[in-house]
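Dear colleague,

Please find below the structure that I am handing over to you. A summary of the findings follows it.

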Amino acid sequence: MDAESYNRIRRIIFSTANNPERGFGVAREWLETTYRSQLDHLGYVGLKAELQFYEQCRAEFALTVAGDMGEHADFAGHYAGQVTRFDVTTNIGFKRFRDYEPHIGDGIRYRIALLDNASFEIVDVFDLAFDRCHCGGHLVPVVTMLDGNRNRHGDPLWHNDQVEMNICTGCHHLVEVNRFYNQTRFSPQEYYSDLGYIDDEDERNRAYEQYCVDNYKYFRRRHQDNLMGIAGVGYFREGYKGEDGYWGLGFNFLNRAVEDAFPFPIRMDGPYE
Ligand SMILES: [Zn+2]
């Protein structure tokens with residue numbers, strides 16, 4: 001599938017959608033009946049996702065169709081009062097985080113609309129305009145949920161800290177931004193150990209994943225719109241019988257946008273205080 005044919009079909013689909021006498025119903029129908037067979041699978045899924053996003057969000061974000069004029073974006077519009085480019089994707093793996101870097105920080109905001117590739121529902125509209133580290137990497141906001149606090153004798157105090165931090169994609173430097181404190185939010189690993197009463201391992205893993213996602217949504221809504229993940233601190237064992245190891249920060253949940261940026265735990269000198 002060459003770019004020229006793809007762009008030709010894309011123009012037809014969007015001018016049909018924009019035509020008041022035809023509209024989105026006809027555009028969708030043509031995409032399914034006439035053009036689906038002319039597109040390859042990725043082209044079809046991508047165009048369907050773009051059409052869905054345009055129909056649902058064009059009023060909210062004042063969208064206009066872009067894309068074949070070298071703008072490096074599918075739509076132009078406004079988000080929170082600022083001129084913004086939007087790219088639509090159904091699988092962030094196809095458009096890797098690194099591919100976006102050249103467009104970050106050039107003055108125009110850049111957002112990615114992520115749609116589910118089966119249901120075509122909008123999963124998320126997020127911003128990759130992260131601050132830059134002195135090393136040139138991007139500072140990615142993460143909340144690290146620490147294990148329960150203890151007094152100097154090692155006795156549990158029955159409360160936990162959570163640390164909002166920026167982690168550099170380049171040098172992995174951690175900068176603490178904010179700290180929260182409460183008596184009800186356990187670290188991911190504490191939560192997992194408390195699931196021992198569930199016999200079925202799959203069920204236990206599902207409960208654990210849900211806990212991490214729930215916390216991600218909670219902190220994102222409350223504290224940081226661009227939050228990209230939930231992390232925990234632990235001792236990672238290595239070697240033949242786990243005799244070696246290191247203290248590290250591991251990610252329990254990561255937004256797919258930055259999954260590639262942190263493939264391993266980040267090494268630390270000791271437990272995070
Ligand atoms: Zn850095």
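**Findings: the sheet and the helices**

Arg111 stands opposite Asp127, a residue of strand 5. Arg111 itself lies in strand 4, where it is also the bridge partner of Phe86. Please note that the model is a predicted one.

These pairs belong to an open sheet of five strands, arranged in the order 1-2-3-4-5 with mixed pairing. Its edges are formed by strand 1 (64–65) and strand 5 (122–127), each of which pairs on one side only. In general, the strands of a sheet pair through backbone hydrogen bonds, in either a parallel or an antiparallel sense.

The individual pairings are as follows:

- Strand 2 (residues 75–79) and strand 3 (residues 82–89) are antiparallel and share five bridges; His78 has Val83 of strand 3 as its bridge partner.
- Strand 3 and strand 4 run parallel and are joined by six bridges.
- Strand 4 and strand 5 are antiparallel, with five bridges between them.

The last two strands named form a hairpin: six residues lie between strand 4 and strand 5, and in the turn Phe120 has a positive phi of about 60°.

Turning to the helices, helix 3 lies across strand 1, strand 2, strand 3, strand 4 (109–115) and strand 5, and it runs at about 110° to strand 4. Helix 3 (residues 41–57) also packs with helix 2 (residues 23–35), at an angle of about 175° and with the two axes 11 Å apart. Helix 2 and helix 3 are therefore roughly antiparallel, as an angle over 145 degrees counts as such. On the side of helix 2 the contact involves Phe24, Ala27, Arg28 and Leu31, which meet Leu47, Lys48, Leu51 and Glu55 of helix 3. Sorted by class, this contact of helix 2 with helix 3 comprises five nonpolar and three charged residues, and no polar ones.

Helix 1 (residues 3–18) contains Tyr6. Tyr6 is buried, since 20 other C-beta atoms lie within 10 Å, and 20 or more is the cut-off for that class. Tyr6 and Gly43 are 37 residues apart in sequence, while their C-alpha atoms are 7.1 Å apart in space.

Finally, as regards the overall division, the domain assignment of the protein gives domain 1 (3–129) and domain 2 (132–268). The centres of domain 1 and domain 2, taken over C-alpha atoms, are separated by 33 Å.

With kind regards

Note on methods: Residues are numbered from 1 along each chain as its sequence is written. This is a predicted model: local features need pLDDT of at least 70, side-chain atom pairs count only at pLDDT 80 or more; totals for chains, interfaces and linings use all residues. Axes are lines fitted to C-alpha atoms, for helices over the stretch in contact, and angles run from 0 to 180 degrees between N-to-C directions. Helices (H or I, at least four residues) and strands (E, at least two) are DSSP runs, numbered from the N terminus. Angles under 35 degrees count as roughly parallel, over 145 as roughly antiparallel, 65 to 115 as roughly perpendicular and the rest as oblique. Two residues are in contact if their C-beta atoms, placed from the backbone, lie within 7 Å. Ala, Val, Leu, Ile, Met, Phe, Trp, Tyr, Cys and Pro count as nonpolar, Asp, Glu, Lys and Arg as charged, and the others, Gly among them, as polar. Domain bounds come from an automatic or database domain assignment. A residue is buried if 20 or more other C-beta atoms lie within 10 Å of its own, exposed if 12 or fewer, and partly exposed in between; C-beta atoms are placed from the backbone. Two strands pair if DSSP finds at least two bridges between them.
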